[in-house]
Amino acid sequence: MLTMLTSMYLVVRAVSSEAEPIRVVVTGAAGQIAYSLLYSIAKGDVFGKEQPIILVLLDIPPMLPVLEGVVMELQDCALPLLREVIPTDKVEVGFKDLDAAILVGSMPRKEGMERKDLLKANVAIFKTQGSALDKFAKKTVKVLVVGNPANTNCLIASKSAPSIPKENFSCLTRLDHNRASSQVAMRCGVSADKVKNVIIWGNHSSTQYPDVHHAKVNLHGSETPAYDAVKNETWLRGDFISTVQLRGAAVIKARKLSSAMSAAKAICDHMKDIWFGTKEGEFISMGVYAAGNTYGIPEDLIYSFPVEIKNKTWKMVDGLSINDFSRAKMDATAAELVEERDTALDFLSQ
């Protein structure tokens with residue numbers, strides 16, 4: 001009898017110890033970035049190998065037939081962590097009770113479209129999505145904006161969700177961060193994991209500033225400042241910066257499609273670091289609310305800074321020395337963001 005009770009207890013305990021599923025939405029879920037992203041999320045690469053997931057796939061009505069195909073593929077992967085897949089074109093379904101929101105979908109820039117027209121279209125999208133997050137999602141939801149212009153879209157979403165802390169919103173500059181790390185690694189003849197603490201300052205645009213003044217390269221087991229490891233200041237202040245700034249355009253020129261595989265990997269890196277924290281002594285780049293920063297950046301912006309993350313909370317890395325070269329580039333990308341913000345806020349108030 002005792003043995004039977006013990007067995008029953010173990011069974012109950014085993015069942016009850018399984019984590020509750022988390023709800024994760026991906027917008028633009030029928031698109032190519034999502035196609036590279038969803039498998040990694042569903043198999044546990046982002047939120048943990050023991051974390052069950054309910055995946056919500058949100059897209060516009062014309063994409064629903066494509067979304068059905070994506071759902072079938074996810075089912076056919078037979079992934080043990082994937083509890084449910086919910087395709088929808090309705091924000092009240094897509095944003096209900098969310099733990100995490102990955103906002104990939106946005107209006108892409110079309111030929112002949114002026115930047116202000118692009119901003120106007122995206123303000124409407126991210127105002128709607130921010131309002132839906134405010135109304136339907138958990139107040140603890142972590143929101144990552146990927147759709148461009150990512151920084152300003154993130155700001156609009158945050159302003160449209162006043163009951164969710166601004167610190168819960170971030171935009172993706174991890175792709176730029178990864179690009180910068182990889183360029184330095186290739187230059188030094190080491191693997192990318194041997195490079196740490198590069199910084200992307202500012203906007204996810206061609207004005208962004210990839211900065212390696214505080215980066216380290218592990219050469220033969222010893223951490224070396226990136227400038228000493230690369231030994232080519234002309235490259236670091238010239239071609240390195242422009243390569244990272246213009247990498248997206250270079251990929252489009254070569255592939256005839258935008259970055260999808262690398263963007264999906266960066267999204268996974270970003271969200272995994274939010275969930276599990278950054279490594280001791282390392283910081284990463286993400287676009288966050290600039291309030292309280294010590295670098296002289298205007299406060300009402302989403303601006304990419306170096307951050308450390310612990311307990312699902314990011315903290316800006318303060319006290320890094322900024323030389324005149326860096327200062328000018330940090331201010332230039334901030335000026336672009338201020339102009340974007342002011343244009344977007346005009347549209348938001350209409």
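H7, strand S7 (195-196), strand S10 (216-219) and H12 each give two or more residues, that is at least two, to the lining of the second largest pocket. Helices (H or I, at least four residues) and strands (E, at least two) are DSSP runs, numbered from the N terminus. Keep in mind that this is a predicted model, where local features need pLDDT of at least 70, side-chain atom pairs count only at pLDDT 80 or more, and totals for chains, interfaces and linings use all residues. Residues are numbered from 1 along each chain as its sequence is written, and side-chain values use heavy atoms, with hydrogens and water left out.

**The pocket and the cavity**

Back to that pocket: H7 supplies the largest share of its lining, five residues. The space inside the second largest pocket is about 560 Å³. Its lining has 24 residues, and Arg 174, Asp 193, Val 195, Lys 279 and Glu 282 are the closest to the centre.

There is also one cavity of 30 Å³ or more. Grid points are joined across faces, edges and corners, and a volume is the space filled by probe spheres set on the points.

Here are the two linings by class, with Ala, Val, Leu, Ile, Met, Phe, Trp, Tyr, Cys and Pro as nonpolar, Asp, Glu, Lys and Arg as charged, and the others, Gly among them, as polar.

| Space | Volume | Lining residues by class |
|---|---|---|
| Second largest pocket | about 560 Å³ | four nonpolar, eight polar, 12 charged |
| Largest cavity | about 70 Å³ | six nonpolar, three polar, three charged |

Residues lining the largest cavity include Lys 142, Phe 169, Ile 274 and Trp 314. S5, strand S6 (169-171) and strand S14 (313-316) each provide at least two of the lining residues. Where does the largest cavity lie? Domain 1 (22-171) and domain 2 (173-341) both contribute to its lining, so it lies between them.

**Two domains**

Those domain bounds come from an automatic or database domain assignment. Taken over C-alpha atoms, the centres of domain 1 and domain 2 are 24 Å apart. Their contact takes 31 residues from domain 1 and 34 residues from domain 2, where contact means heavy atoms within 4.5 Å.

**A helix crossing**

Now for H7 (residues 174-188) and H12 (residues 261-276): their axes come within 8 Å and cross at roughly 105°. That makes H7 roughly perpendicular to H12. Axes are lines fitted to C-alpha atoms, for helices over the stretch in contact, and angles run from 0 to 180 degrees between N-to-C directions. Angles under 35 degrees count as roughly parallel, over 145 as roughly antiparallel, 65 to 115 as roughly perpendicular and the rest as oblique. In H7, Arg 174, Leu 175 and Asn 178 do the touching, and their partners in H12 include Ser 262, Asp 269 and His 270.

Most residues other than glycine have a negative phi, and most peptide bonds are trans. Ala 78, in the loop between helix H3 (64-76) and strand S3 (82-88), has a positive phi, near 50°. The peptide bond from Asn 148 to Pro 149 is cis, with omega near -5°.

Conventions:
1 Å grid on protein atoms, 1.4 Å probe; cavity = no way out; pocket = protein on both sides within 12 Å on 5 of 7 lines; lining within 4 Å.
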